[in-house]
Amino acid sequence: MPKLLNLLLAVEHGMKKPVWDCTMCGQCVLHSTGMTCPMTCPKTLRNGPCGGVREDGHCEVKPEMRCVWVKAYDRKVSLPLPTVWKEHYNDLRPPVDMQLKGTSSWVNLITKRDQQTPAGWAKRKEETGAH
Amino acid sequence: MSKLRDLLTQSKDVVYTAEFPVIDGGGMEQVKKNVDRLSPWFVAVNATDNTAAHAHASNVSVAIAMKQHGLEPIMQIVCRDKNRLAVQADMAGANLHGIENIALLTGDDVTAGDEPETRRVFDLDGPQAINVASILNAGTYLSGRKLSPAPNFFICSVENPFAPPHDYRIERALKKHRAGAQMIQLQIGYHPDRLEKFCAGVAATVPDLAIIPSVVLIKSAKPLGFMNDKVPGISVPQEVIDRVAQSADQAEAAYQLALEQAKHALSLPGVRGLHITDFRHDDTLERLMYDLGRTPNQYK
């Protein structure tokens, strides 16, 4: 089993690194963010752009880079992505689970490990449905 | 007790907020001077958290000092410098001292400050931090561990309707509202069309979210150019800069611009008040407040 996990990890990283500059956060949300990785935002913001986006749509921290969330929004609007993916665009994504760093998000998706959140977060989500 | 919450939920009164000057010197005497200057006009004032990525006396300490001197704080917590444990510790500390208004912000990047070599944290982002405050209000930490007595935070946030992607800013404000924000202060901006669109979009969906746009008091065209060139997220159209720069009396032209902005903002749906940023430090603040129909100590 560990061999299979290592293989999956290698394949996932091999595919995602060149295309999305994947940092292997282990809890991939690409499908819901217009196929743009929020972990490439210098502030690693998973819930939309900060207030520092420049007038030309570029990043506050790296002026040469287009804001990840400007790109994500454009793609969410223009790409023919499945409706269910687009519906998840405005989800309140939970804080990154640092324990998953370096693991395969595919495996975490299958085992639903990537849906585990701290008890307080899970309780509020259950009570308000507001996510 | 949060007077800010009471006013917004139980009255139609216009709410004025401001920024408490950072404390780097002058000690408690300086805190008192600032309180004396601001308290006649403002219901609550932001205690900032390492504003613009510069270290200062901490958010919690300044909020406590303000409260001791009789000025209601809106204690900011910024995600740049603190991981989720530290953010929750600030919240629990505020609760311990009876501070109810808290504002959760993502924060400027470390590169905006005078120590750009600092490690940036951003363990949470703004919307997540708001949700964490809501979790504490329900009586537990993020982990589910009990916090008693549960806080009664009035949760505030900040949005920038002037920065791209403009259409998305409304959705982001709505997300913050879903996470628990009840009031949203807006960043400085010089595009009234963007402000109108934002307020209309937010008020149409969540009329109970109090929108508080910013108005800046400046003395000349120079700071307008500076903000446009140097502050990411702020763009000032050339015609606005020219209007002040080409005036015979720049200080007066800058004042008239601010007054016009204030009146325009107050006329928009969802807007419950204004956030005044005073870079002039003269008697213009009083002038503006009188011109907006205010008199001192109306909140007392």
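B:P165 sits in the loop between β5 and α6 (166-179) of chain B. Helices here are DSSP runs of H or I with at least four residues, strands are runs of E with at least two, and both are numbered from the N terminus. The peptide bond from B:P164 to B:P165 is cis, with omega near -10°. This is a predicted model, in which local features need pLDDT of at least 70 and side-chain atom pairs count only at pLDDT 80 or more, while totals for chains, interfaces and linings use all residues. Residues are numbered from 1 along each chain as its sequence is written, chains are lettered from A and ligands numbered from 1 in the order in which they are written, and side-chain values use heavy atoms, leaving out hydrogens and water.

A cis peptide bond also joins B:S148 and B:P149, with omega about -5°. B:P149 is found in the loop between α5 (126-137) and β5 (154-159) of chain B. Why point these bonds out? Most peptide bonds are trans, and most residues other than glycine have a negative phi.

B:H281, which is not a glycine, has a positive phi near 55°. B:H281 lies in the loop between β9 (273-278) and α11 (284-291) of chain B. Is B:H281 buried or exposed? B:H281 is exposed, with a relative accessible area of 59%; buried means under 20%, exposed over 50%, and partly exposed in between, with a 1.4 Å probe and protein chains only.

B:N297, in the segment after α11 of chain B, has a positive phi of about 65° although it is not a glycine. B:N297 is partly exposed, at a relative accessible area of 40%.

B:R294 also has its place in the segment after α11 of chain B. Its relative accessible area is 7%, so B:R294 is buried. Which side chain does the side chain of B:R294 meet in a polar contact? The partner is the side chain of B:D13, at 3.3 Å. A polar contact is a pair of N or O atoms within 3.5 Å; within protein, one must be able to donate a hydrogen and the other to accept it, and residues adjacent in sequence count only if both atoms are side-chain atoms. Leaving aside residues up to four places away in sequence, B:R294 touches B:D13, B:V14, B:Y16, B:W41, B:M289 and B:Y299, where contact means heavy atoms within 4.5 Å.
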